[in-house]
Amino acid sequence: MAAARRWALALLRGSVPVAAGYLLWVAVGAGEERRRETLKALPEVSPELLAQRRRQNELVMAALREAAETDDNVARRPVPWRK
């Protein structure tokens with residue numbers, strides 16, 4: 001009888017942190033979904049702005065690609081540099 005009681009108590013003590021973690025995970029997951037929906041509904045998310053951001057990302061990736069391919073220290077170039 002004492003062994004069964006000890007096992008039950010051990011299972012209870014082990015399940016409490018698991019249950020708390022699961023509840024936190026559910027709470028954060030619901031908040032994340034709500035945040036995504038809010039971001040989709042923002043008025044500043046327009047096709048023009050998205051195209052501008054996409055172009056900026058392309059320029060940054062091109063600069064990173066060039067920096068990776070050269071042995072020069074591109075950080076030491078004069079500021080208004082062009083290709």
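Here is a walk through the structure above, from its overall outline down to a few side-chain pairs.

This is a predicted model, in which local features need pLDDT of at least 70 and side-chain atom pairs count only at pLDDT 80 or more, while totals for chains, interfaces and linings use all residues. Residues are numbered from 1 along each chain as its sequence is written, and side-chain values use heavy atoms, with hydrogens and water left out.

Let's start with the outline. The chain has two helices and zero strands, where helices (H or I, at least four residues) and strands (E, at least two) are DSSP runs numbered from the N terminus. Its C-alpha trace spans about 80 × 40 × 15 Å along the principal axes. The radius of gyration is 27 Å, whereas a compact globule of 83 residues would come in near 12 Å; that figure is taken over C-alpha atoms, and the globule rule is 2.2 Å times the number of residues to the power 0.38.

Now for helix α1, which covers residues 2-40. UniProt, in an unreviewed entry, lists residues 6-28 as "transmembrane region"; its positions are given in the numbering used here, feature names are shortened, and annotations may be inferred rather than shown by experiment. In the model that stretch is 100% helix, with its end C-alpha atoms 34 Å apart. Leucine 23 sits in helix α1 and counts as exposed because its relative accessibility is 59%.

Side chains of opposite charge can pair when their charged atoms come close. Glutamate 32 meets arginine 35 in a salt bridge at 2.7 Å, N to O (a side-chain nitrogen of Lys or Arg within 4 Å of a carboxyl oxygen of Asp or Glu). Why is about one helical turn between glutamate 32 and arginine 35? Because they are three residues apart in helix α1. Glutamate 32 also bridges to arginine 36, with the closest N and O atoms 3.7 Å apart, and those two are four residues apart in the helix. Glutamate 32 is partly exposed at 29%, and so is arginine 36 at 48%.

Over in helix α2 (residues 47-69), arginine 55 and glutamate 58 lie three residues apart. Salt bridges that share partners, meanwhile, join Glu32, Arg35 and Arg36 into one network. The arginine 55 and glutamate 58 side chains meet in a salt bridge at 3.7 Å, N to O, and the count comes to three salt bridges.

How values were computed: Buried < 20%, exposed > 50% of the residue type's maximum accessible area, 1.4 Å probe, protein only.
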